[in-house]
Amino acid sequence: MTQDRMLPNAALRTLFLAIEEVTGVNGTRAVLKAGGLERFIDNYPPNNTALESTFADYGAAEQAVEDLYGTRGARAILIRIGRATFQYTMREQPAILGLAGLALKALPMGMRMKVVLEQVVKAANQDVNQPAHLREEPDAFYFVVEECPCRWRPPHTSPACFVTVGVLQEAMHWATGKQFRVEEVACISNGAAACVYRIPKQPIE
């Protein structure tokens, strides 16, 4: 198995809170048990940015949701967990994303999207210990993540990082008030060098 990678406590705590919001307290207990994460039952990591949690634990929680609900059922649940994760981060650790107080309203929609995505990339690199960068093309942005908790999950036959899809969906909704069809187009868990998310510049009609 790949050598473990450290993650801020707040990131793992926020994931657990989001799982709890979507699946309930008992659902979260079931997820933690299924993922071999029993030590976190009633004992979530502290709300700080110390690098004391692990990508492996984050990936184990995501995988446990998939194992419990089945691949198809888990997709919608994990996207909802991702959206809740963004909301919790904005509430509990707003400094990580650096979005509080950003004057976005006067900017065109595409610029708002780019500013927020650049802040998410900056947070990934500086605070989450997750190398990432943003690529822009005429019709879409591409959020590229070079290290992902899916590296510590079993191999998948198709992209599996639906929590991040949900985070990006909610970030774009926060930035613009509109919904976007975010899609993971490459994934480390099925052999790609990086996880790549396509964010179209046009919202869903």
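Where in the chain does Asp-42 lie? It's in the loop between helix H1 (9–34) and strand E2 (53–54), and I'll come back to that loop in a minute.

Okay, some ground rules. This is a predicted model, where local features need pLDDT of at least 70 and side-chain atom pairs count only at pLDDT 80 or more, while totals for chains, interfaces and linings use all residues. Residues are numbered from 1 along each chain as its sequence is written, and side-chain values use heavy atoms, with hydrogens and water left out.

So, the overall picture. The chain has 6 helices and 6 strands, and from the N terminus the order is β-α-β-α-α-α-α-β-β-α-β-β. The radius of gyration is 16 Å, close to the 17 Å from the globule rule for 205 residues, so the chain is as compact as a globular protein of that length. That radius is taken over C-alpha atoms, and the rule is 2.2 Å times the number of residues to the power 0.38. Helices here are DSSP runs (H or I, at least four residues), strands are runs of E (at least two), and both are numbered from the N terminus.

Who touches Asp-42? Arg-29 does, and Arg-29 also touches Ile-41, leaving aside residues up to four places away in sequence. Arg-29 sits in helix H1 and is partly exposed at 33%.

Asn-129 is another non-glycine with a positive phi, near 65°. You'll find Asn-129 in the loop between helix H5 (109–126) and strand E3 (132–137), partly exposed at 25% relative accessibility.

Next up, the largest pocket. Its space comes to about 270 Å³. How is a pocket picked out? On a 1 Å grid over the protein atoms alone, where a 1.4 Å probe fits, it's an open set of points with protein on both sides within 12 Å along at least five of seven lines, and lining residues have an atom within 4 Å of a point. For the volume, grid points are joined across faces, edges and corners, and you take the space filled by probe spheres set on them.

The lining has 16 residues, and nearest the centre are Arg-75, Ser-158, Pro-159, Phe-162 and Glu-184. Helix H3 (71–92), helix H6 (162–176) and strand E5 (183–186) each give two or more residues, with H3 giving the most, 4 residues. By type, the lining splits into 6 nonpolar, 5 polar and 5 charged.

Last stop, H6. Here 12 of its 15 residues are buried, including Phe-162, Val-163 and Met-172. At 1.5 Å a residue H6 should span 21 Å, and its end C-alpha atoms are 21 Å apart, which agrees. Just after H6, Gly-177 takes a positive phi of about 80°.

Technical notes: Nonpolar A, V, L, I, M, F, W, Y, C, P; charged D, E, K, R; others polar. Expected span 1.5 Å × (residues − 1). Buried < 20%, exposed > 50% of the residue type's maximum accessible area, 1.4 Å probe, protein only. Contact = heavy atoms within 4.5 Å.
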